[in-house]
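User: Hey, I'm new to this one. Can you walk me through it?
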Amino acid sequence: RIAAALAAAGARGRPVGLLASRSVHTYAGMLGILIAGGAVVPLNPAFPAERTRQMIDLAGLDSLVADAGGAGVLPAVLALGDRPLNLLLPGGHDGPAPAGHRVLPLPADAGGFVAPEVGGDDLAYLFFTSGSTGVPKGVGVLHRNVSRFVGMSLERYGPLGLGPEDRFSQFYDITFDSSMFDLYVSWAFGACLC
């Protein structure tokens, strides 16, 4: 459903913000962005609103998915700029859209939605550096990079017999590239992400 909503808003081939942290909506949003053919731009709701706004503008975001924590800081982030965004909010937001922005309706089902194909050279992620120089810098990660990392991890850890009975902790925040191990390797083995 998230992928269908984002695809209808033109997410294919575009960076899509994910203002979220460790929630079911975070993971559904991440997978929805990727299934819609977009590139995930992780944004931490605990970061200062100015920094988050700077990353939104540097990435050229048109759309943003937020979990409850992200939705809580969204008014402060939106107030710092005038770039209009398509917003996908948790639980199907039914209130008015923030001025100048559009809240995407979450379809009741994804019937008829067909995920667009993506290639190895398509952008999967845009991670931002810490900004120690004063300006965060975006670092792109391609689908082939993610696929190779997951494939290597399966080759390396598969002989240990990892599977659905195992548990992985999501130790790193989604804005840190090492979170990809926690997320994708646990999902690839069918393990539980805690």
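User: What about Arg 53, is it buried or exposed?

Analyst: Arg 53 is buried, because its relative accessible area is 2%. Buried means under 20% relative accessible area, exposed over 50%, and partly exposed in between, with a 1.4 Å probe and protein chains only.

User: Before we go on, what kind of model is this?

Analyst: This is a predicted model, where local features need pLDDT of at least 70, side-chain atom pairs count only at pLDDT 80 or more, and totals for chains, interfaces and linings use all residues. Residues are numbered from 1 along each chain as its sequence is written, and side-chain values use heavy atoms, with hydrogens and water left out.

User: OK, back to Arg 53. Which residue does Arg 53 form a salt bridge with?

Analyst: Asp 57, with the closest N and O atoms 3.4 Å apart. A salt bridge here is a side-chain nitrogen of Lys or Arg within 4 Å of a carboxyl oxygen of Asp or Glu. Both residues lie in helix 3, four residues apart, about one turn of the helix. Helices (H or I, at least four residues) and strands (E, at least two) are DSSP runs, numbered from the N terminus. Asp 57 is partly exposed, at 39% relative accessible area.

User: How many salt bridges are there by that rule?

Analyst: The count comes to six. One of them joins Asp 62 and Arg 14, whose closest N and O atoms are 2.8 Å apart. Asp 62 is in the loop between helix 3 (49-59) and strand 3 (63-66), and Arg 14 is in the loop between helix 1 (2-8) and strand 1 (15-19), so the pair ties together parts that are 48 residues apart in sequence. Asp 62 is partly exposed at 30% relative accessible area, and Arg 14 counts as partly exposed at 30% too.

User: Switching topic: how many residues of strand 1 are buried?

Analyst: Five of its five.

User: What about helix 2, how does its span work out?

Analyst: The twelve residues of helix 2 (residues 24-35) should span 16 Å at 1.5 Å a residue, and its end C-alpha atoms are 16 Å apart, which agrees. The expected span is 1.5 Å times one less than the number of residues. Buried residues of helix 2 include His 25, Tyr 27, Met 30 and Leu 34. Just after the helix, Gly 37 takes a positive phi of about 90°.

User: Last one: where is Phe 176?

Analyst: Phe 176 sits in the loop between strand 8 (167-168) and helix 6 (179-188). At 40% relative accessibility, Phe 176 counts as partly exposed.
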